[in-house]
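Reader: I am new to this structure and would like to go through it in questions and answers. Please show it to me before we start.

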Amino acid sequence: GNKYKFFKLSIASFLLCPIILIIFTLPIRALSDSPWPMAHHNSQLTGWSNYPGPETSQIKWIFSQVDPQVGDYLSGISVGPDGTIYFGWSSYEWPYEKKVIALTSHGTLKWERSISGHLLGSPLVDSNGTIYIVNDVDEMLAISPDGTLQWNLNISTRYSDYARGAFTVTLVMDQRGVLYY
């Protein structure tokens, strides 16, 4: 009896090894390796970046295609692996625009995407360049680096019944690529 038990265990271990190897060799999404991939820089929300800051106090460029008015909302920024800068903008006056905007590292418009609700917090960018956002109509969206929608997930933020723009959601991605909000 016992000598066959070891044999069965060895066969089972041998058969499971390829499965375990496959699981651990699949690509895992993680935060973008960029100066600022999410609010507060990293999953620990330290607010520290390993990248050097500006060398001078001179303004390099100004993006003026969005003209914020009193009451408009500009989210925090996030930077993708290619240097693209992402942020949200919501107008609180007619025509009530709500957008995610992508700028090149030189300040020119790369793309803008209308969204159905006001952005809550800063975008998060993963290592593949996918941008994740949460809005105040209980949606989490994943947007490709080219601005196309990858997916839209209905979630409960508990903020949709409150004043728009008065709350923020900090998206966090752990080392396994799991998103938390």
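Reader: What is the order of the strands in the open sheet of four strands?

Author: This is a predicted model, in which local features need pLDDT of at least 70, side-chain atom pairs count only at pLDDT 80 or more, and totals for chains, interfaces and linings use all residues. Residues are numbered from 1 along each chain as its sequence is written, and side-chain values use heavy atoms, with hydrogens and water left out. Strands (E, at least two residues) and helices (H or I, at least four) are DSSP runs numbered from the N terminus, and two strands pair if DSSP finds at least two bridges between them. The pairing in this open sheet is antiparallel, and the order is E6-E7-E8-E9.

Reader: Which are the edge strands of that sheet?

Author: An edge strand here pairs on one side only. That applies to strand E6 (124-125) and strand E9 (149-154).

Reader: Which residue in E8 is the bridge partner of Asn-135?

Author: Strand E7 (residues 131-135) and strand E8 (residues 139-143) pair in the antiparallel sense. Five bridges hold this pairing. For Asn-135, the bridge partner in E8 is Glu-139.

Reader: Which residue takes a positive phi in the hairpin of E4 and E5?

Author: Strand E4 (residues 98-103) and strand E5 (residues 109-114) run antiparallel and are joined by five bridges. Ala-102 stands opposite Trp-111 in E5. Five residues lie between the strands of the hairpin, and the positive phi, near 90°, belongs to Gly-107.

Reader: Is Ser-114 buried or exposed?

Author: Ser-114 is in strand E5. Leaving aside neighbours within four places in sequence, Ser-114 is in contact (heavy atoms within 4.5 Å) with Lys-98 and Lys-99. Buried means under 20% relative accessible area, exposed over 50%, and partly exposed in between, with a 1.4 Å probe and protein chains only. The relative accessible area of Ser-114 is 57%, so Ser-114 is exposed.

Reader: How many helices and strands are there in the protein chain?

Author: Read along the sequence, the pattern is α-β-β-β-β-β-β-β-β-β-β-β. The count for the protein chain is therefore one helix and 11 strands.

Reader: What percentage of the residues of the protein chain count as buried?

Author: The protein chain has 181 residues. Among contacts with a separation of 6 or more, 43% are between residues 24 or more positions apart. The share of residues that count as buried is 36%.
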